[in-house]
Amino acid sequence: MNNWEDKIDRIKNILRRDKGIIGVIDYTEQISWIILLKFLDNYEMQTQNDTVLNEMEFDYFLPNQFRWKRWAVSNIRKNSSEIDYYKKNNVVDFVNNQLFPYLKELKHNCVHSKSIKYTIGSIFELLDNHITNEQILQEVLDIVDTLDFEGYDFSRTSQVYQNLLTDLGTDSKNYQGFYTPMPIIKAIIECIDPKFGEQIYDGALGSAGFLTKAFEHMKSSKKNNLTPLDWKIIQNDTFYGSEISSTGYVLGMVNLILNGIVTPNIYNQDTLKNTENNLQIKGKFDVVVSHPPFGKSFSKNNFYDATNSLELLFLQHFMDSLGPEGRAAIVVPDSLLIQKSYVFNEVRKNLLENFNVHTILSLPGGIFLPYSGAKMNVIFFDKKSKTSKIWYYELKAPFIFTKNRPVTDAHFKEFIDLYKNVERRNSTNNKNSESPDDWTVSFNEKMEFNLSAKNPNKIVDLELFKPENLISQIESISFEEENYLAKVNPSIFELVKEEYYNSNWETVRLSNLVEKVKNHTEISNNDIVTYIDLQSINTQRNKIEAPKILSSKELPNKTKNGAVKGDIIFSLNRPNLKNIAVIREDYERTVVSSVFCILRPNKNLLSADYLFYYLLSETFQQFINPLIKGSAFPSISEKDLLNIKISLPPLDLQKKVANEMKNMFDTINSVIELQSKKIENLKLLQISILQKIYNYKEL
């Protein structure tokens with residue numbers, strides 16, 4: 001395993017040298033498609049051997065010129081009888097102009113969707129090769145060629161790939177949709193206990209962690225003695241899911257294939273929309289496991305109640321997709337359990353009265369750091385009966401979970417044991433010093449269908465707020481701060497020094513680098529729009545955090561400025577306050593306040609992120625200061641703003657600099673969040689010290 005991990009680390013370092021690779025998500029995708037093709041070549045050779053042994057004809061997945069050994073391995077290519085064919089194309093040209101076009105069309109040339117060719121085509125139609133340097137690509141190909149996939153033993157391959165996905169998931173907030181900590185997934189699968197012959201579904205697939213662990217669990221239950229019929233059922237009739245993100249879909253599909261599941265029923269689509277595939281899954285599945293996204297949904301055309309809460313929409317969807325004897329385990333935020341609005345209350349009422357909510361696992365805040373500190377829970381329910389009582393378990397740890405001190409399998413040991421052994425649980429809602437972490441609530445004790453996990457063994461979380469525990473948490477935060485600050489790599493300054501300042505780039509007027517944005521003309525009186533004003537922007541992080549959802553009738557007069565994902569909005573009023581942000585969400589019908597100038601960079605000339613960080617710089621502020629007019633309401637005109645000239649390095653360098661800037665800003669913002677938590681804990685420590693000294697029974 002270590003040899004494999006070393007080779008993957010070498011590949012990551014090599015890919016970072018290529019100008020076409022922008023960040024972690026890029027090198028993860030590129031490693032994915034290369035490993036996938038190598039794996040499929042080995043898989044094909046093994047399948048061919050089995051077919052020959054059974055005296056059957058074998059149909060290759062790919063034609064001769066596209067098989068791995070013919071194009072990927074430099075030594076074989078040099079000695080190939082078809083050397084003239086390869087002389088005409090370096091490996092990058094071959095991949096871009098021949099291999100990828102063929103793979104992208106593969107899906108459309110298949111008669112049956114239940115074939116490995118169709119699966120490969122479904123993945124590659126969403127992929128492109130981003131590696132631009134022939135030497136770099138060849139180095140990577142030669143390393144991957146040395147990986148031994150050992151026939152049908154998928155455990156090593158899948159584990160190495162899972163480690164790669166874990167790096168992706170913990171690297172940045174941008175990748176949260178693809179990652180759930182593996183100990184949480186393993187604990188859920190251990191409890192939900194999927195079995196052979198059952199149909200398993202995840203409607204927020206991400207990187208397919210739940211489905212791959214379900215498969216491992218099922219295999220272990222049969223001690224890997226899988227019959228040909230078992231394999232056929234696994235490939236065609238066991239695993240189902242969907243994923244709206246094309247990147248998530250690709251990573252999830254590759255993960256499934258590397259685990260040996262080559263023809264799963266997975267779709268790249270919006271789970272919440274009224275599509276043919278979604279309509280067919282009502283009441284279908286034996287097991288539903290998922291960690292859906294939470295926050296606001298801007299997708300219309302969904303099946304369920306009028307709400308823009310993603311967690312509520314997904315919960316309704318999973319309730320709807322559960323079969324008559326089905327069971328589910330869904331990761332949800334605290335808001336779903338306690339939100340008092342009418343829609344939330346009605347959904348919880350439906351859940352409690354028509355399903356058996358038997359277990360709620362309360363997870364500690366910070367378990368999903370670094371990308372989310374939200375308090376989360378896992379709801380276990382089935383369709384076998386109505387809810388009569390709910391068993392709660394509160395997961396605790398002696399420290400705050402961080403990237404360097406993550407949650408582990410050991411933290412779930414007691415929960416899994418109590419889940420499987422009902423007689424050992426605290427069967428009452430009374431205080432119990434012998435069972436301080438679990439309690440049971442009768443359904444008729446619930447008020448207004450509130451499902452909040454209030455541990456009766458706590459007064460005000462006194463155990464958590466002991467001075468020694470708080471000091472430990474503060475020390476943990478300080479340790480995490482140091483790790484984040486160590487990431488602020490001075491190498492970016494060397495990059496700028498060597499590649500930026502030492503070159504005389506052309507200066508170009510901003511008006512020649514951005515597109516003319518027309519006013520919004522498609523809003524009718526009854527439309528719901530996303531309205532962004534000055535209050536919507538967090539100026540400390542220069543991020544849109546609180547856009548307003550309004551009807552078109554509620555918009556301020558003369559507000560018709562339409563924006564789209566990728567646009568930069570720049571406040572012309574008090575520009576020194578830096579009310580600047582990039583629209584990073586794909587909102588539906590986005591309208592921005594008239595105080596903003598909308599800058600839509602020409603993608604062939606200017607990186608949006610490069611411009612964004614430049615606009616935030618003090619250098620740019622010095623340019624605009626002489627142009628600001630007015631004392632009571634200082635402002636700059638759009639004409640003057642667009643007339644400013646900026647230095648224009650090559651696009652690939654813009655992206656490289658912007659990516660480094662983004663990584664550092666994300667890191668610094670994480671430190672700011674940790675500082676806020678440290679201050680909160682220090683205030684609690686003051687209270688806790690008073691409690692300790694004067695021995696108050698209650699805080």
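**Chat about strands, rings and cysteines**

Me: Which residue in β20 is the bridge partner of Glu515?
Reply: Arg600 in β20 is the partner of Glu515. Strands (E, at least two residues) and helices (H or I, at least four) are DSSP runs, numbered from the N terminus.

Me: Where do these numbers come from?
Reply: Residues count from 1 along each chain as its sequence is written, and side-chain values use heavy atoms, leaving out hydrogens and water. It's a predicted model: local features need pLDDT of at least 70, side-chain atom pairs count only at pLDDT 80 or more, and totals for chains, interfaces and linings use all residues.

Me: OK, how do β11 and β20 pair?
Reply: Antiparallel, over 2 bridges; pairing takes at least two DSSP bridges between the strands.

Me: And what order do the 4 strands of the open sheet have?
Reply: β11-β20-β17-β18, with antiparallel pairing. β11 (514-515) and β18 (580-582) are at the edges with a single partner strand each, so one side of each has no neighbour in the sheet.

Me: New topic: what sits over the ring of Trp391?
Reply: The charged end of Arg425, 4.1 Å from the ring centre. That counts when NZ of Lys or CZ of Arg is within 6 Å of the centre and within 35 degrees of the ring normal.

Me: Is Trp391 buried or exposed?
Reply: Buried, and so is Tyr393. Buried is under 20% relative accessible area, exposed over 50%, partly exposed in between (1.4 Å probe, protein chains only).

Me: What about Cys597, buried or exposed?
Reply: Cys597 is buried, at 1% relative accessible area, and Cys191 is buried too, at 8%.
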